[in-house]
Amino acid sequence: MVHITAEVQEFLKKPLISTLATIDESGAPRTRAIWHDWSSEQGLLLFTHTSSTKWQHILRDPRVSLCVDDSETPYRSVTVDGHVETVTNQSSLLFPTVSRMSRKYYGLEEGAQFAETYRNVDDCAVVLFRITIDRITVQGF
């Protein structure tokens, strides 16, 4: 188990867009901006459409790297290397997680509107997943 300090946990709760790196079919890294949600109970949660290229890469090879960085001084960043696990109980956790994330990134009103589009989404269309952390690298802490 990788130890994550309280300071890093607080950083991961900030509304910073993260960059997810997956491995494509040729073995090359591919990156994509993505929202993340950190909680000490659930870990590092993300979601995507099952038809997305990033999810297709993850199905082929679950190893990923996620970088969260703050472009404001003092330029801190956290990079998490690990592998993806699909969250069980998708139907009960997807909407609350998307709602929490959308309010964090969009604000209360716009976030609530965005989240509503995921209230009754088909479990086959969207997947909630977590990154099991194998290594964490921090900079500026």
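Student: Why is Glu116 called partly exposed?

Tutor: Glu116 has a relative accessibility of 41%. Buried means under 20% relative accessible area and exposed over 50%, with partly exposed in between (1.4 Å probe, protein chains only). The value for Glu116 falls in between, so Glu116 counts as partly exposed. Arg119, at 42%, is partly exposed by the same rule. The model is predicted: local features need pLDDT of at least 70 and side-chain atom pairs pLDDT 80 or more, while totals for chains, interfaces and linings use all residues. Residues are numbered from 1 along each chain as its sequence is written, and side-chain values use heavy atoms, without hydrogens and water.

Student: What makes the meeting of Glu116 and Arg119 a salt bridge?

Tutor: The N to O distance between their side chains is 2.8 Å. A salt bridge is a side-chain nitrogen of Lys or Arg within 4 Å of a carboxyl oxygen of Asp or Glu, so this pair qualifies. Side chains of opposite charge can pair when their charged atoms come close.

Student: How many salt bridges does a search of the whole structure find?

Tutor: The search finds 9. One of them joins Asp70 and Lys14, with the closest N and O atoms 2.9 Å apart.

Student: Why is this pair said to link distant parts of the chain?

Tutor: Asp70 and Lys14 are 56 residues apart. Asp70 sits in the loop between S5 and S6, and Lys14 in the loop between H1 and strand S1 (18–23). Helices (H or I, at least four residues) and strands (E, at least two) are DSSP runs, numbered from the N terminus.

Student: Which of these two residues is buried, and which is partly exposed?

Tutor: Asp70 is buried, at 12% relative accessible area. Lys14, at 29%, is partly exposed.

Student: Where do Arg100 and Asp37 lie?

Tutor: Arg100 is in helix H3 (residues 90–106) and Asp37 in strand S3 (residues 37–39), 63 residues apart. Their side chains form a salt bridge at 2.9 Å, N to O. Arg100 is partly exposed at 36%, and Asp37 is buried at 5%.

Student: How do you know which residues of H3 and H4 meet?

Tutor: Contact means heavy atoms within 4.5 Å. On the H3 side, the residues in contact include Phe95, Val98 and Tyr106, and on the H4 side they include Leu108, Phe114 and Ala115. The residues of this contact divide into 7 nonpolar, 3 polar and 3 charged.

Student: What makes Leu20 part of a nonpolar core?

Tutor: Such a core is a set of buried Ala, Val, Leu, Ile, Met, Phe, Trp, Tyr and Cys residues joined through side-chain atoms within 4.5 Å. Leu20 belongs to the largest one, which has 22 residues. Leu20, Ile58, Leu66, Phe129 and Ile131 touch the most other members. Among the elements giving two or more residues are helix H2 (53–60) and strand S7 (126–139). The largest share, 4 residues, comes from S7. A second, separate core of 13 residues includes Val87, Leu94, Tyr105 and Ala115.

Student: Why is His83 called partly exposed?

Tutor: His83 has a relative accessible area of 26%. His83 lies in strand S6. Leaving aside neighbours within four places in sequence, contacts of His83 include Ile131 and Thr132. The C-alpha atoms of His83 and Thr132 are separated by 5.4 Å, although these residues are 49 apart along the chain.

Technical notes: Nonpolar A, V, L, I, M, F, W, Y, C, P; charged D, E, K, R; others polar.
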